[in-house]
Amino acid sequence: MAHLYSTLPPRSYTLSEYTTLLRALSTTNTSFTRDIPIEASLAVYPVPDPADVLTTSVHLNFPGPVRPVHVYANLSLTNHPSHQNGRPCAAHKIPNFKFGFWGPRHQIYILFPSLFREDRKKPHLTKEEKAAFYELVLRPAVGSLNEDNISDWPAQYQDEMFRARKQSGHMSYQTKLIGQWELARLPERLRQYANENDVDWAGDFCFMLTVRGTKHSTQHAITAASAEFAYEEFLETSQIARDEFRTGAWWIDVGVEVASQERACLQWSTTSHYHMVKAVLGIDDDNADRITKIGSSKYARDLVSHLTAVSGCRIEPGSRAQGPLSAAYFQMYTTDKALTYAPEKHHHGKAITIEMAMGGKHTCDFILGLYNVYRNSSNENSSNARVEVRVPTDQAKTALRYLTPDVVRESLLAFPRKVWWSFRLYRLMAISRVFKIQAEGSAALRVNPDALLLTIAGVWLINGLHSRPEDRPDMRNLMHAVLPVTDAEGADPNFLAPGWTPRLREGDDEEDDDEENDQAVTSRPYIPFGVIFLRRINSDVEPPRMRHGGHGLRNLAFSRLFHADLEHIKLRYNKPSVIPREVLARTRFVTNKTRHTTTYINLTGEPQPSLFNLSEQGHSLPPPEVDSGSDVEEEADERQAPAGDIDSEITQLWRQFLIDIANKTPNPRGATNGSYLKISTAERLAVTEELYMNDRLSDMWSACQYRISSQKQWETAFDYLFPPPGTQISERVQNYRQCTYFGKWQGISSLSDPATSTAIRNQLREKVFALNWIPHASQDKLWPTSVGMTGFVRLPHGSTGAAPRILVKKEPLWD
């Protein structure tokens with residue numbers, strides 16, 4: 001792709017600005033900072049939102065004692081607890097939550113060093129910890145400042161949780177305003193009540209103040225006078241007491257943005273990282289080389305648009321490479337990512353999910369939306385290049401001022417807007433074409449592991465077009481399965497896939513397959529042609545798939561990427577009798593009904609007898625649908641082997657049916673108690689015909705509606721429970737699609753010959769008709785509960801309201 005690259009046009013300009021402010025005390029300072037140093041009122045959360053927790057690295061680590069208490073500001077905690085052995089402890093690992101805010105971009109977090117433990121998996125406080133802090137520390141402290149204001153603070157944590165919970169299930173977290181004068185005394189009162197009420201872990205809390213999203217608010221020319229003016233203005237708008245700046249060490253992010261007057265798309269060259277960090281930090285060649293090498297713990301390279309020669313970076317220099325600026329953090333990136341910036345879960349930009357990619361309206365909506373962003377941007381949006389460095393405030397007015405235009409010019413690549421955005425556009429269209437062909441192919445073959453591998457590879461590629469390619473452990477396993485591989489020994493790290501190094505990194509060998517582990521150790525996924533390309537795919541078959549015989553996904557990675565194991569993926573998507581959602585007149589989602597029932601497993605250790613005699617009548621199940629690709633011909637004999645014994649398979653199906661019907665019984669609407677069916681979870685997983693033969697309904701139901709039914713009504717219910725082959729089932733139906741038995745039945749009935757399908761249904765009908773009660777199954781609901789249906793009587797007698805409707809053969813008993 002070298003022909004795409006050009007140098008920076010002669011005319012360009014740069015702007016410097018201050019983007020973030022943060023504070024830390026000296027590592028040798030042992031005094032506590034007890035004030036919240038803001039000159040404004042503070043909106044405090046009585047109950048914190050669990051989504052507002054510091055969970056990602058904030059880049060500033062200082063060694064210190066185990067229990068320091070300091071005030072911090074902005075994006076990073078700059079002095080925080082360490083382990084007993086003296087190693088720095090990352091701030092985002094300390095239990096914390098957002099305490100409040102004092103402006104639209106000004107937030108304060110509270111951290112609890114005493115709750116930190118090596119084995120604590122998340123920094124979120126537990127329900128019990130949040131309740132103790134609110135009831136024994138925060139509320140009493142606020143009340144001691146102003147008794148009149150405490151009247152609208154809920155008495156207990158659970159009271160506020162009850163108020164916050166909407167009928168939809170969503171939460172609405174409120175804040176309470178604390179005035180500036182009362183705020184000055186609040187930290188001391190918090191510690192006082194933590195000690196008095198024996199909440200020991202809360203007594204040494206520390207604060208972290210953040211001022212985020214101020215980019216472009218302090219742009220100025222790169223001159224001493226402009227820097228001075230912008231700096232003072234930035235500090236003024238932070239509403240932090242000026243006296244605080246005279247103690248400890250404050251940190252600030254300083255940035256330079258470069259734009260093309262020709263409105264070209266500027267991008268950082270991968271080879272520029274070494275030169276830029278050397279120039280900005282003022283460090284020597286050896287340190288610059290060390291912290292910009294693949295494999296360095298200080299360095300992260302962020303590929304752009306799948307191009308290895310185009311990338312930004314993030315660097316934590318450390319004490320050896322911080323240079324005369326004492327820099328704590330350095331990053332290079334471009335502004336085009338702002339057009340798709342949308343943080344959600346572990347994604348920073350707009351992201352397609354595997355569920356979207358597997359088909360349906362939402363696939364088209366996402367692809368079309370992203371297509372429009374790329375196409376419209378090719379006419380209107382250039383991209384600027386930014387470099388930022390985090391330095392102490394006494395370096396704020398000198399950082400980046402002496403960055404020479406020549407260094408910047410030689411570090412940048414310029415692309416015409418049409419070229420830059422169209423490159424992404426063509427890649428997006430190619431991947432979406434694969435998704436479309438897969439969706440139109442055989443449902444059975446689409447859930448083949450090789451086809452699924454191509455689908456998830458497409459998801460990874462699309463999301464990596466406008467955001468850095470994901471490289472967490474499961475994604476590294478995916479890269480190893482879908483990209484070309486090379487020998488680990490002697491591999492050039494600059495050609496390896498994101499997140500991979502020539503040496504085995506921690507976590508690569510933690511899976512469950514020894515053979516795959518050996519492959520992971522000896523080979524590496526790589527990008528030999530400057531652009532990310534997949535290894536060979538087979539496009540001569542439908543649906544297209546990865547070529548058979550390459551590395552596959554490990555079980556754990558598969559489950560994480562698809563949010564289910566292969567068996568449940570087959571049940572979810574191999575539905576030959578389901579009407580696609582897009583052909584329905586109206587669409588809606590079935591909420592809280594998405595999980596499949598648990599697959600029946602015989603745990604007795606004893607072989608279970610077959611309950612059917614279909615094989616004696618000459619019936620058998622067809623072999624599974626096979627892929628005709630030439631790359632799998634060597635396995636043809638094995639793949640053409642007959643399916644399992646038909647009597648055993650249908651026996652398994654019947655036992656699964658009995659369990660699923662019990663597991664899908666509904667709960668009373670809006671109630672917090674369990675299902676109408678009184679049996680335990682363990683009992684539901686061991687249900688047999690005995691449950692459905694019991695006429696004493698009070699033994700298993702807390703309430704129900706029954707009807708003594710005719711054979712015709714029983715037959716109608718059976719047709720919904722085991723629909724004839726070819727029956728079209730709407731995706732809007734409730735419960736059926738989440739029953740494991742139902743998916744298996746759809747597959748068996750659609751693939752078997754008509755005579756076999758009829759014979760199976762006849763024997764299943766005999767089994768269902770032998771039961772004493774069954775659900776009043778309808779076309780759209782497995783378990784209807786509405787009242788008013790003619791002929792139904794509610795039990796217990798005299799009770800009213802909705803309840804599950806069941807069909808019975810005779811008058812039931814009720815104690």
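A cavity is a set of grid points where a 1.4 Å probe fits but cannot get out, and a lining residue has an atom within 4 Å of such a point. I start from that, and I keep in mind that this model is predicted.

**Entry 1: cavities**

I searched the whole structure and found 8 cavities of 30 Å³ or more. I picked the second largest cavity, which has a volume of about 70 Å³. Which residues line the second largest cavity? I listed V142, L145, N146, N149, W153, L177, I178 and E182. Helix α1 (127-145) and strand β6 (176-178) are the elements that each give two or more residues to this lining. I then sorted the lining residues by type: 5 are nonpolar, 2 are polar and 1 is charged.

**Entry 2: S144**

Next I looked up S144, which lies in helix α1. Is S144 buried, partly exposed or exposed? Its relative accessible area is 27%, so I wrote it down as partly exposed. The buried class stops under 20% and the exposed class starts over 50%. I also checked S144 against L186. They are 42 residues apart in sequence, and 9.3 Å apart in space from C-alpha to C-alpha.

**Entry 3: aromatic rings**

I searched for aromatic pairs over the whole structure and counted 23. I took F558 and F562 as my example. Their ring centres are 4.4 Å apart and their planes meet at 25°, so I logged the pair as stacked. The cut-off for stacked is under 30 degrees. F558 and F562 are both buried.

I also followed ring pairs through a cluster. Its members are W654, F657, F718, F722, Y736, Y741, F742 and W745.

**Entry 4: charges over rings**

I looked for charged ends over ring faces and noted two cases. The charged end of R427 sits over the ring of F533, 5.0 Å from the ring centre. R805 lies over the face of F792, and here the distance to the ring centre is 5.4 Å.

**Entry 5: cysteines**

How many disulfides are there? I counted 0. A disulfide would need two cysteine sulfur atoms within 2.5 Å. I then looked up two cysteines. C313 has 1% relative accessibility, so it counts as buried. C739 also has 1% relative accessibility, and therefore counts as buried.

Conventions
Residues numbered from 1 in each chain as written. Predicted model: local features only at pLDDT ≥ 70, side-chain atom pairs only at ≥ 80, totals over all residues. Heavy atoms only, no water. Phe/Tyr/Trp six-rings, centres within 6.5 Å; stacked < 30°, edge-to-face > 60°. Buried < 20%, exposed > 50% of the residue type's maximum accessible area, 1.4 Å probe, protein only. Lys NZ or Arg CZ within 6 Å of the ring centre and 35° of its normal. 1 Å grid on protein atoms, 1.4 Å probe; cavity = no way out; pocket = protein on both sides within 12 Å on 5 of 7 lines; lining within 4 Å. Points joined across faces, edges and corners; volume = space filled by probe spheres on them. Helix = DSSP H or I, 4+ residues; strand = E, 2+ residues; numbered from the N terminus. Nonpolar A, V, L, I, M, F, W, Y, C, P; charged D, E, K, R; others polar.
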